[in-house]
Amino acid sequence: MRRDKGKQSEVSLYDDDLSNKLIASDGITSASSIDFDFNDERLAKAFNKLSANRKRILIMLYVDRIPPEEIAKEYSYSLRYVYNIKMRAIADLRKQISEDN
């Protein structure tokens, strides 16, 4: 994965209601070892409820900034599948956050 050792990355899920920021801890190598410090506890809870695949796709897109085309090629997914997983994951996050209100 693309990660600068010793630095933290700050990213935003910039879609509408999910403009909350998260800070990625160093050394994340897979969706099963995800360790984030979220600025919003609701976002943290919602993110932890996502499937491993949805977490991995979001991390690669927003934290590692890997283009969708590269993700599709790496995992033998269609480009449409990567976009669908991204949109479903964001929809799940929105739903979870709104239910917590």
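Biologist: Why is arginine 65 called exposed?

Modeller: This is a predicted model, and in it arginine 65 has a relative accessible area of 56%. Exposed means over 50%, so arginine 65 gets that label.

Biologist: Okay, and where is arginine 65?

Modeller: Look in the loop between α2 (52-63) and α3 (68-75).

Biologist: What makes the phi of arginine 65 worth a look?

Modeller: The phi of arginine 65 is positive, about 55 degrees, and the residue isn't a glycine. Most residues other than glycine have a negative phi.

Biologist: How do you know that serine 76 is exposed?

Modeller: Try the cut-off again: serine 76 has 69% relative accessibility, and exposed means over 50%, so serine 76 counts as exposed too. You'll find serine 76 in the loop between α3 and α4 (79-100). Its phi is positive as well, near 55 degrees, and serine 76 is a residue other than glycine.

Biologist: Now the inside. What makes a group of residues a nonpolar core?

Modeller: The members must be buried residues of kinds such as Leu, Ile and Phe, joined through side-chain atoms within 4.5 Å. The largest such core here has 22 residues, and Phe47, Leu50 and Ile57 are among those with the most contacts inside it.

Biologist: Which elements give two or more residues to this core?

Modeller: Those are α1 (41-48), α2, α3 and α4. The most comes from α2, with seven residues.

Biologist: And how much of the protein is buried?

Modeller: Of the 101 residues, 41% are buried. Buried means under 20% relative accessible area, so each of those residues falls below that cut-off.

Note on methods: Residues numbered from 1 in each chain as written. Predicted model: local features only at pLDDT ≥ 70, side-chain atom pairs only at ≥ 80, totals over all residues. Heavy atoms only, no water. Helix = DSSP H or I, 4+ residues; strand = E, 2+ residues; numbered from the N terminus. Buried < 20%, exposed > 50% of the residue type's maximum accessible area, 1.4 Å probe, protein only.
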